[in-house]
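This report describes one structure, part by part. Look at the model first, then read the sections in order.

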Amino acid sequence: MTSQQSEEPIPPSTSEERVVPRYRKLHNEDPFDSRHLPLLKHELGPEEFARWLSYREDYASFRKGQARGAKGELKSRPGTHAVVDGPNIPATPPRTDSPFVAALTLEEAIIGLFKPPDPNAGKASMGLEARLQNELGVVESNFLNEETVTTQGVSLEDISDRFRKSHVPAEMGSVDTYMASFVTNTVTDSVHCNAPSMIGHMTMSLPYYIRPLSKLVTAMHQNNVKTETGKTTTFIEREVLAMLHRQLFPQHSDAFYAEHAHNPGTALGLVCSGGTLANISAMWLARNALLKPNEESGFQGAEKEGMMRAMRHYGYEDAVFIGTQALHYSMKKAADVLGLGTHGMHCIPFDDEYRVRLDLMEAEIIRCQENKFAILALVGVAGATETGAIDDLAGIAALGKKYGIHFHVDGAWGGPCIFSKKHSPKMKGIELADTVTLDGHKQLYTPMGCGLCLIRDPDLVRFVQKTANYIIRKESFDTGKFTLEGSRPANGIFMHANLEVLGVQGYELLIDRSCRITRYMADKILACDEAELVVNPQTNIMLYRFLPKALRDVTRAGKLTEENNLEIDEFNRVLQNRQKEIGTSFVSRTTIWSPKYNRDVVALRVVIANPLTTDADVDTNFNDQMAIIRDFM
Ligand SMILES: Cc1ncc(COP(=O)(O)O)c(C=O)c1O
């Protein structure tokens with residue numbers, strides 16, 4: 001209570017209805033503060049005051065997380081209601097006939113959801129939050145130890161039927177009830193992406209420390225758009241960017257990092273929520289740098305004047321970027337949002353190893369220039385989503401240099417190969433890229449929601465800089481000046497933790513191990529009669545297909561007809577669906593051009609990057625598939 005408030009004369013009350021709002025007005029900082037008791041006694045009269053005291057006692061134990069008795073039973077009092085959540089508590093907090101208590105009960109129930117844990121509660125405390133954490137911890141542990149990939153016999157339609165509501169519940173619900181239904185309806189049938197036999201997608205186990213760390217990060221609830229809400233985490237992010245930048249572009253000096261790592265006016269990269277956003281950010285930088293302001297003519301650049309005027313100003317007929325047919329579809333989104341249209345993504349055929357044909361890329365550059373097309377960027381892929389192929393990055397860099405075009409590398413998947421002495425030579429030329437996409441939540445083992453766009457020349461960000469008067473002022477350290485997203489989680493923390501804990505050594509070991517196991521699987525397929533390799537792995541993605549028994553000899557003899565190939569396609573489609581339904585192991589499926597058959601073929605796709613996956617899991621997958629073929633096909 002402020003001194004000004006305490007000096008205010010207290011008018012006599014005539015009813016509870018009048019007391020409540022006035023009480024709130026005077027004491028909105030904490031109605032349970034014992035300093036208010038004399039005032040309340042005066043306001044409420046003896047009977048209601050006694051009820052208030054009783055309610056207050058329950059509330060105090062709720063706040064301390066001690067609202068249960070010694071045997072765990074709920075403690076509540078007749079006429080008043082502890083605002084606790086437990087198995088026996090109705091969904092809506094109970095109300096009394098007193099508007100005073102009713103109002104406070106509901107409000108306090110809601111506000112109570114936001115209270116921090118009691119710092120004085122010992123470890124043994126069964127406070128609400130600690131209890132919930134214990135319960136969810138058991139669910140978490142069971143989930144993580146589950147070996148199957150999906151629950152058998154639960155279809156997407158079944159799941160969809162669970163979530164058909166279209167009204168927000170009118171009344172407050174119970175936390176326990178919600179959590180119980182979340183576990184039943186969501187957790188139980190979620191995909192165990194961490195299962196060692198899940199070798200079909202780019203999602204895998206995380207280091208153990210990430211789980212408790214993520215709880216702390218969530219509790220800190222920092223917003224990295226600006227230092228006023230991300231005071232320390234902004235700089236952690238800048239350190240992450242400096243470390244990854246140096247790993248990618250080792251040609252820079254200590255002085256370079258001293259100048260740029262914490263420079264409010266430049267950035268070594270942009271942290272965002274994933275590879276898609278990182279790719280869009282890279283194309284955004286490339287576009288604004290190409291269609292930049294022109295002081296002489298007073299043209300203010302595409303950033304301010306937009307694409308239409310920029311094209312007119314520079315005399316361009318069209319705007320494009322050029323990459324391979326293996327570009328990830330996120331690049332289509334980039335072409336769309338940046339005003340190129342998806343036709344502005346020019347895709348060059350790849351060679352027999354799924355690497356972009358440089359001769360055709362150069363021919364396309366010349367054709368575009370002759371037709372007055374603005375070429376925003378040449379895009380190379382380091383670890384293509386479907387094949388794991390790594391383009392000839394040095395070759396693309398040379399074209400970029402020759403024709404003065406921005407060079408971007410999409411290393412969302414394969415970028416971390418830079419940590420491996422064995423595999424980094426395949427990435428030669430990445431150090432010449434203007435921008436590089438990395439995905440934290442892929443082979444850098446952070447939780448979902450972490451993409452990075454690294455920028456070789458930190459001054460490039462000036463072409464996208466935005467400021468506001470209330471935050472992200474020009475001279476500030478705020479990263480929100482440059483990022484496409486505004487409010488952002490401080491997900492760079494996980495990247496920071498992994499870089500510090502795993503280090504180059506850890507990442508190198510993980511990459512080498514994944515590639516080795518993928519090679520083991522490829523050799524197994526090469527050695528067997530039942531299947532054939534479709535894409536020989538360059539790193540840790542490979543494609544193969546099973547052959548129906550009747551077609552194995554014709555396949556070996558190289559005499560497959562178009563009809564045979566259609567049959568094999570269908571065979572693999574059915575096989576993959578069946579394996580997915582059974583759920584003990586998983587590979588994904590794609591349709592890809594095969595140089596061997598000179599046609600598109602349906603292939604089973606294996607992605608091995610889960611540190612828990614072993615050769616034995618590869619064998620299990622193969623045996624599961626053979627069992628399906630034997631029993632069902
Ligand atoms: C090569 C490549 N680039 C970009 C992306 C998009 O990343 P995200 O899903 O994190 O947006 C992916 C995702 O699989 C990818 O494989």
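## A hairpin

In the hairpin formed by strand 10 and strand 11, four residues lie between the strands, and N598 takes a positive phi near 55°. Helices (H or I, at least four residues) and strands (E, at least two) are DSSP runs, numbered from the N terminus. The model is predicted: local features need pLDDT of at least 70, side-chain atom pairs count only at pLDDT 80 or more, and totals for chains, interfaces and linings use all residues. Residue numbers start from 1 along each chain as its sequence is written.

Strand 10 (residues 588-594) and strand 11 run antiparallel and are joined by seven bridges; two strands pair if DSSP finds at least two bridges between them. S594 is opposite R599 in strand 11.

## The other partner of strand 11

Strand 11 also pairs with strand 9 (residues 541-546), in the antiparallel sense, over four bridges. Here Y544 stands opposite L604 of strand 11.

Is strand 11 (residues 599-607) largely enclosed or largely open? Seven of its nine residues are buried, so strand 11 is largely enclosed by the rest of the structure. A residue is buried if 20 or more other C-beta atoms lie within 10 Å of its own, exposed if 12 or fewer, and partly exposed in between, with C-beta atoms placed from the backbone.

## Strand 1 and strand 7

Strand 1 (residues 269-272) runs antiparallel to strand 7 (residues 451-455), and four bridges join them. L270 has C453 in strand 7 as its bridge partner. G269 and V271 point one way from strand 1, while L270 and C272 point the other way; all are buried.

## The nonpolar core

The largest nonpolar core has 122 residues, and M283, F321, I375 and L376 have the most contacts inside it. Such a core is a set of buried Ala, Val, Leu, Ile, Met, Phe, Trp, Tyr and Cys residues joined through C-beta atoms within 7 Å. Helix 17 (residues 492-527) supplies the largest share of this core, 12 residues.

Leaving aside neighbours within four places in sequence, M283 is in contact (C-beta atoms, placed from the backbone, within 7 Å) with F321, A334, L338, L376 and A377.

## Around the ligand

The ligand is surrounded by 14 residues, and G274, G275, T276, H328 and A412 are the closest. A residue is near a molecule if its C-beta atom, placed from the backbone, lies within 6 Å of it. Helix 12 (residues 275-290) gives the most to this shell, with three residues.

Key: Two residues are in contact if their C-beta atoms, placed from the backbone, lie within 7 Å.
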